[in-house]
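Visitor: Could you walk me through this one and tell me what stands behind each label? I'd like the cut-offs as well.

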Amino acid sequence: MTQVFLGMPAAGHGNLFEEEPFPQAAHRELGNTQMRKNLRHATHTIRDKRVKVVGELPDWEELRDAGSAIKNNAMANVEELLLQFEKNFTARGGTVHWARDATEANKIVTELVKETGSTEVVKVKSMATQEIGLNEYLETQGIEAFETDLAELIVQLGNDKPSHILVPAIHKNRTEVRDIFLKEMPSVDPELTDEPAKLAEAARSHLRKKFLAAKVAISGANFALADTGTLGVVESEGNGRMCLTLPETLITVMGIEKVLPKWEDLEVFMQLLPRSSTGERMNPYTSLWTGASADDGPQDVHIVLLDNGRTRALSDRFGRTALNCIRCSACMNVCPVYERTGGHAYGSTYPGPIGAILSPLMTGIEAEDNGSLPYASSLCGACYDACPVKINIPEILVHLRGEDVDAKRETHKIPTQMDLMMKGGSWALGKGKNLGLLEKALPLGRLMAGKDKKIKKLPGIAAGWTQSRDIPAPPNKSFRDWWSDEKESK
Amino acid sequence: MRIALFATCIVDAMYPETAKSTVKILERLGHEVIFPKAQACCGQMHINSGYMPEALPVVENHINAFDTDDYDVAVAPSGSCVASVKHQHPYLAERLGKPELKERAIAVGKRTYELSQLLVDVLGVSNAADQLGSYFPDTITYHPSCHGKRSLGLGDRQLDLLKTVGGITVEELPEADQCCGFGGTFSLKNADVSTAMLEDKMKNICSTGASACAGGDASCLMHIGGGLSRTGAKPKTLHLADILASTMEETVTL
């Protein structure tokens, strides 16, 4: 039997790229003190809520194990499950479309909207459509998309980019939100204050008109259930429910990794997701639909099943569990790096720890500056602890660093300082006697220290250390030598 | 018991006193300590920086040095290096297609303990003053390093030991579970973010009024201590082993 190598699955594209090296982006964002204040406050509030409600469940660890096992199984059988889903969704009056990448998905959605004759659509908050840049594409085709999730609305009105997958306007405080509404919302009360209830009311009356007029809605989906052909959206505000029920046409764009084998699997995820994402025991609005229902809700129901680099991620044996992600955002809420840099520093639609692995896995480590993302972590492991489906994010970050270094070996003809340090280190730390030999030079290191026995300035990449930290003068004698002198000679 | 000391490269070269303290503690409990001289480093710096082929000789060297019948258990005064031995060595062997090395790595990992893990779980130490004669008449606070706490699941083992040292006062560190920002080469590659994390850690340490911040990893302590030194702040850093080894007769000074 001959084996045919089909090649690496196609890379994803769209809003999945770090456009400048992360350290550079982080440097700029760290200087935004208002953003850092907003973010610290918001992430700490969600963190505390999550820890509290997670602590209420005696079987939380078992739930995480179950979530992880269900997802691993679903991804191992993704092809069969998607075909099963297609059969059941179609049998109930829905139409299934397949998109290899962002370009195909955008075209399919545009055609579907054009067929309705509508030039406006309302949107349920969706990461998949952010990822493929659907709103921007629709605009070029003369179709206006209105975000109806409050935070997405703030971001859209402010001509801004989301900085968090669940709380896209997390980088803004309520005074900044009021200012955006005053400037950008037609027929807004000029006396609008920054009270949350008043802001919500303003958004509510602005959106109500859109809901009642819309003929077409576009959504993402949190789950697709293969055994029944059901789709599900989990949201907090009820705007999603409006979009999913009022318009005549409903188009859903969903990443293929969202498929689950059966209805009963929701039992696990409807416990894991709300507690991990918003720190709530139960999700406020859970909408489930199976194809089209006669005389009830949208009659023209579509789903676009999106790959866009997901099979590429699936082909990485050390990285594929990243596809288990249920987009809860717990990892970014607990991440000390995200807390300080905010989401924009990561470039991609998916920021934070999960984004630092997903973006390179979906697009390839060599794409744009995605190679700098896996290093945007101190590997503290808070993300892994918080992840409801136990994605070992630190381990995948390290794995992708290996991919980055290997990829650059081919292109970097001149070794970097880091390359040289690592090559030297490989020799020095590869044998006890080599390290022992180097340690004989420790007294020399003492010469570098000042009178106060501190080394305050180092050259090259080590200057990154001494920009904010001293190094103590090394000892006269290593432990190894002390052991030989004191323990072995006796 | 015959205990092999895995000193770790940073302690061996920069903080030899901490390795000596580890030896003292174990000998005080009546155990024999050996130091396999072929050892050098766990290879974590290479692995975490993505230099996998370069990490291989370092990891192989560690496994060769410790894959012997010469001792009962191995111990290191570091949660991070032990976590690397236990988790990263099997990963590296798997990645580079070395199944036999992976098996040996797993075997070495099973016999390797972080200091507080060995003291509490294997050697049954629950009171440092009574069982080790530990005495340290000063006020400290304590930073639980991430890899020990999360990768090894050390829980409060280190803190509980510190609280039972004679003469000591332990002040609780606000936001203790937050990373200090070290992260190995992260501190060089992302120096700005690392420094921002360090600043918060230092602020919290200083708020306790303690004379020293204790911890179980020399590398994190070098980072925190280096920052405190640079800003001229009063608190010093001190390794758990040095505090446990300190006695009424031979008291460690800051």
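Guide: Let's start with contact: two residues are in contact if their C-beta atoms, placed from the backbone, lie within 7 Å. This is a predicted model, in which local features need pLDDT of at least 70 and side-chain atom pairs count only at pLDDT 80 or more, while totals for chains, interfaces and linings use all residues. Residues are numbered from 1 along each chain as its sequence is written, and chains are lettered from A and ligands numbered from 1 in the order in which they are written.

Visitor: How many residues does the contact take from chain B and from chain A?

Guide: Chain B puts in 57 residues and chain A 52 residues. On the chain B side, helix α12 (residues 191-207) of chain B has the largest share, eight residues. Helices here are DSSP runs of H or I with at least four residues, and strands are runs of E with at least two, numbered from the N terminus.

Visitor: What makes a residue on that side of chain B nonpolar, polar or charged?

Guide: Ala, Val, Leu, Ile, Met, Phe, Trp, Tyr, Cys and Pro count as nonpolar, Asp, Glu, Lys and Arg as charged, and the others, Gly among them, as polar. The side of chain B that touches chain A then splits into 29 nonpolar, 19 polar and nine charged residues.

Visitor: Why are α9(A) and α10(A) called roughly parallel?

Guide: Helix α9 (residues 174-184) of chain A and helix α10 (residues 196-213) of chain A have axes that come within 11 Å and cross at roughly 30°. Angles under 35 degrees count as roughly parallel, over 145 as roughly antiparallel, 65 to 115 as roughly perpendicular and the rest as oblique. So α9(A) is roughly parallel to α10(A).

Visitor: Which residues of α9(A) and α10(A) make the contact?

Guide: From α9(A) come R174(A), V177(A), R178(A) and F181(A), and from α10(A) come P196(A), L199(A) and A202(A). By class, that contact has five nonpolar, no polar and two charged residues.

Visitor: Where do the domain bounds of chain B lie?

Guide: Domain 1 covers 2-122 and domain 2 covers 128-245 of chain B; such bounds come from an automatic or database domain assignment. Over C-alpha atoms, the centres of these two domains of chain B are 22 Å apart.

Visitor: How do you know that domain 1 and domain 2 of chain B are in contact?

Guide: By the C-beta rule, 27 residues of domain 1 of chain B are in contact with 23 residues of domain 2 of chain B. On the domain 1 side, α2(B) gives the most, with seven residues.

Technical notes: Axes are lines fitted to C-alpha atoms, for helices over the stretch in contact, and angles run from 0 to 180 degrees between N-to-C directions.
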